[in-house]
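Hi everyone, thanks for making time this morning. Please have a look at the model on the screen, and I'll walk you through a few spots in it.

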Amino acid sequence: MSVSKIDAKNLWDPKRSLVEKLPHEIVLGRGSPKIMATPHWHAQIEINFVSQGEVSYEMCDVEWTIPCGCIALFWGGLPHRLTDCTVDSQMEAIHLPLVHFFRLRLPDQITEVLMQGSALITSNALAEDIHVFKRWCSYLRSDDDRKKFIAAEELLLRLERIPLDSFNLIEMGQRMGSQTEENGSMGFEKLGQMLEFITRNFREDIDPATIAEYINLHPKYAMSVFKKSTGMTLNNYVKLLRLSYAQSLLLGEGDNILDIAMESGFGSLSHFNKCFRSHVGMSPSDFKKQSSLRRVQQ
């Protein structure tokens, strides 16, 4: 890859990132990709379309490249970062709430490995994609709810077509969840209700019993539906959203660690430290110091 010399204007500014704080909304990004000195993670499914140049990512120490004209689909729950790009790179990035992912009619084995931490990348560029992605993103950025709905539906159909052509499946060493199962229409409806409730209330004091009560299910049945559908427990999903939100605060300036822990919904500093270290491999304090140091060095 012929890479330009990176200057400050091509660096990702974590303080301007919205995706970590808005797990229930579609978040868009476009233009020249920004090099990320610090990994981040989020609860959404990420779809990247590279309309020009090439873009490289790193996740769980595995590096992979999205060629020009190709689409990449992965779940953002594992720490990942954009590491490199060609001087002319242009990319549309679409972050979809997790509920949309479970509407996708992908082969079961692909759904499973994506939720466990893999990236699905198209092998061949299709001339039509540059035009349809431009239209979809335009619709998604509009104030017209009908346009937003149509764009999301058409995007999901395009993603469902990926396995019909040649593709690459990049598997990571780390796993986020276990095997997923089909739960039927009622199970999907309940799953959607749980995801919506969690994404709007994860910073509050909620647990499986609270979530189950909201959708009128027995807690054990609610936990079973969620685990079979997503491959992860309800508690782990709530924890992921809290960690994503905490990350956005740690990447900013100000706020002490205790305040961040409480604002993110962890309830105690010790619990926050334990969860953060397990997911990221370092303490929140070290993560904040490392992020600040990298910004100074850049």
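Let's start with Gly 117, which is buried because its relative accessibility is 3%; buried means under 20% relative accessible area, exposed over 50%, and partly exposed in between, with a 1.4 Å probe and protein chains only. Gly 117 sits in helix α2, residues 108–117. Helices here are DSSP runs of H or I with at least four residues, strands are runs of E with at least two, and both are numbered from the N terminus. From Gly 117 to Glu 253 there are 136 residues in sequence and 30 Å in space, C-alpha to C-alpha.

A word on where this comes from: it is a predicted model, where local features need pLDDT of at least 70, side-chain atom pairs count only at pLDDT 80 or more, and totals for chains, interfaces and linings use all residues. Residues are numbered from 1 along each chain as its sequence is written, and side-chain values use heavy atoms, with hydrogens and water left out.

Now the inside. Which residues touch the most other members of the largest nonpolar core? They are Ile 47, Trp 64 and Phe 272, in a core of 85 residues. Such a core is a set of buried Ala, Val, Leu, Ile, Met, Phe, Trp, Tyr and Cys residues joined through side-chain atoms within 4.5 Å. The most is given to this core by helix α8, residues 234–250, with ten residues.

Gln 247 is also found in helix α8, and at a relative accessible area of 0% Gln 247 is buried. Leaving out residues up to four places away in sequence, Gln 247 touches Glu 20, Pro 39, His 40, Trp 41 and Phe 287, where contact means heavy atoms within 4.5 Å.

On to helix α4, residues 145–161. Its 17 residues should span 24 Å at 1.5 Å a residue, and the end C-alpha atoms are 25 Å apart, which agrees; the expected span is 1.5 Å times one less than the number of residues. Buried residues in α4 include Ala 151, Leu 155 and Leu 159. Among the partners that the buried residues of α4 pack against are β2 (45–52) and α3 (127–141).

Finally, two loops. Cys 60, between β3 (55–59) and β4 (62–66), has a positive phi near 55° and is partly exposed at 21% relative accessibility. Asn 216, between α6 (208–214) and α7 (219–230), has a positive phi near 60°, and at 70% relative accessibility Asn 216 is exposed. Neither residue is a glycine. Thanks, all!
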